[in-house]
Amino acid sequence: MGFVLGIVLGVASGIGLIMAMVYYENIRAKRRTDLAATVAAFSRMTVEDARKIFTPEQYPPWVIFPQMEKLKWLNTQLEKLWPYINEAASELIRSTVEPILEQYRPVILASMTFKKLTLGTVAPQFTGICILDSEPGEIVMEIEMQWDGNPNIVLDVKTHVGIALPIQIKNIGFTGLFRIIFKPLVNEFPCFGAVSYSLREKKDLDFKLKVIGGDMSMVPGLSDSIDEMIRDAIEDSITWPVRKIIPIIPGDYSDLELKPHGILEVKLVQAKDLSNKDLIGKSDPFASLFIRPLRNRTKKSKTISNQLNPIWNESFDFVVEDPATQHLTVRVYDDEGLQPPQLIGCAQIPINVLEPGKVKIEWLNLVKDLKVQRDKKNRGQVHLELLYCPFGTENQILNPFSSIVPLTDVERVLKDTTEDDVSDIERKTSEKKHEVILRGVLSVTVVSAENLPVMDLTGKSDPYVTVSLKKAGTKMKTRVLNETLNPVWNQTFDFVVEDALHELLIFEVYDHDTIGKNYMGRCIMTLTRVLLEGDLYDIFDLDGTTSGRLALHLKWTPQPIMRDV
């Protein structure tokens, strides 16, 4: 009996021990998993996140306090130097900024100069500093600066009717991120040849305009014009990718200057499901596009009246100066006539996601604000075709008009206009393209469709497709296939295209009824891809329906000619 009891107790103890070990291992595994998740979360945390979560007293002294002490030391030294910086910088700013103000001077004004210019007694404060990973031969530093200054800035403004207005710029509040580049690194003290600086990000800029002894409303539109002029001047003179270069060791530093890197061709095709801004009728949308938000480099589309699904089919060219950091921004507005337009939504795409020489088709979701995306409301989508052509690209990677105007010709235009503004380069590039007509034969094979929506009571549909060229006005139609949601047509149509660069191909799918027809969806495309590839097969989603795809085969046979000018 004792033997049996011993066996039972031994087995029970063994089982209990095994269960305890398993339980302990599970706890350890869970702790390791939680620790890994915590470490991963901390590895993704930025300095801004840390500032929001922790107070300065909670930071580990060996990590943060040295940086805070460095910033405190820098700010202390800047306060000591500020009276001298104020005196030296005031004259420098006057001599360098006045020509820029003249460049952006509103047409309603005859002249604009500085009457008074001092930076005041309040020095800026450094609020953050970091060293970035960079290429060999350079050191890149970014410094965040905040300035709530008390400068004394008075503009001497004269209108064409002889009115002189002393306008004071006051209550300036500025927060920005400056990038400083020490390049090239050399073996001669101070070990770098030049310093480049630029406003990498303008986080906040507020100021007020006041007429001394008068009222800004004396000249209608004056306040808005000067506000835009000041912001444009800052954007064009110091905002990245523009950079100012200070030689430290004598030498040629022209390679550090801002230079165009390539041309971005943008086709604004269409938009869909735009939010309606009008109480009566529908919105009248137009789009503005830019890489740098300057008035002379912002492109605007035509306005499509009373339409939430506009088709623009417009092309624009942009000079790209820094493909690694620049973005294309699209803003869609509702045209309000004499009133300021209402923003429907905006979208942005970085240049560095585009493969040089390859067309990228994008449907971009419109949002209310590109920086603070809290509003989840559906504002519609915008359809773009993008082609980035870097300068120096070999002739095998060209734009759609390569057989007539290779990229080297565009570069020649650039070289011939080195003294021109970038907006002039964009204009001359567009004019060069306008001289080209791409004529040819486009063979379109409507292969099949799949997962079309049910339109009949039988649970099927009787689909057919219309194929049309928007600019030429040519339209053709497939046969009707009865009782199917996955039709196979394999029908080919040949179109003579007179101007392929500006043509638009529209496929619309209908359900045939004895009386009338039911719309099922559509697919709209430019000819860019087939011009580049020559022979194209792809499957395209249908817009305007919950399901459905269209298989198409396109073939292009060119007959290029030059436009008479």
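The structure, a predicted model, holds 6 aromatic pairs, where rings of Phe, Tyr and Trp (its six-membered ring) pair if their centres lie within 6.5 Å, and planes under 30 degrees apart count as stacked, over 60 as edge-to-face and the rest as tilted. One of these pairs joins Tyr464 and Tyr510, whose rings are stacked at 5.7 Å centre to centre with 25° between the planes. This pair links distant parts of the chain, since Tyr464 belongs to strand E18 (residues 463–469) and Tyr510 to strand E21 (residues 504–512), 46 residues apart; strands here are DSSP runs of E with at least two residues, numbered from the N terminus.

Tyr510 counts as buried because its relative accessible area is 11%, whereas Tyr519, at 38%, is partly exposed.

Charged side chains also meet rings: Lys477 lies over the face of Tyr464, at 5.1 Å from the ring centre, and the charged end of Lys299 sits over the ring of Phe318, 4.6 Å from its centre. A charge sits over a ring if NZ of Lys or CZ of Arg is within 6 Å of the ring centre and within 35 degrees of the ring normal.

Residues are numbered from 1 along each chain as its sequence is written, and side-chain values use heavy atoms, with hydrogens and water left out. In this predicted model, local features need pLDDT of at least 70 and side-chain atom pairs count only at pLDDT 80 or more, while totals for chains, interfaces and linings use all residues.

Note on methods
Helices (H or I, at least four residues) and strands (E, at least two) are DSSP runs, numbered from the N terminus. Buried means under 20% relative accessible area, exposed over 50%, partly exposed in between (1.4 Å probe, protein chains only).
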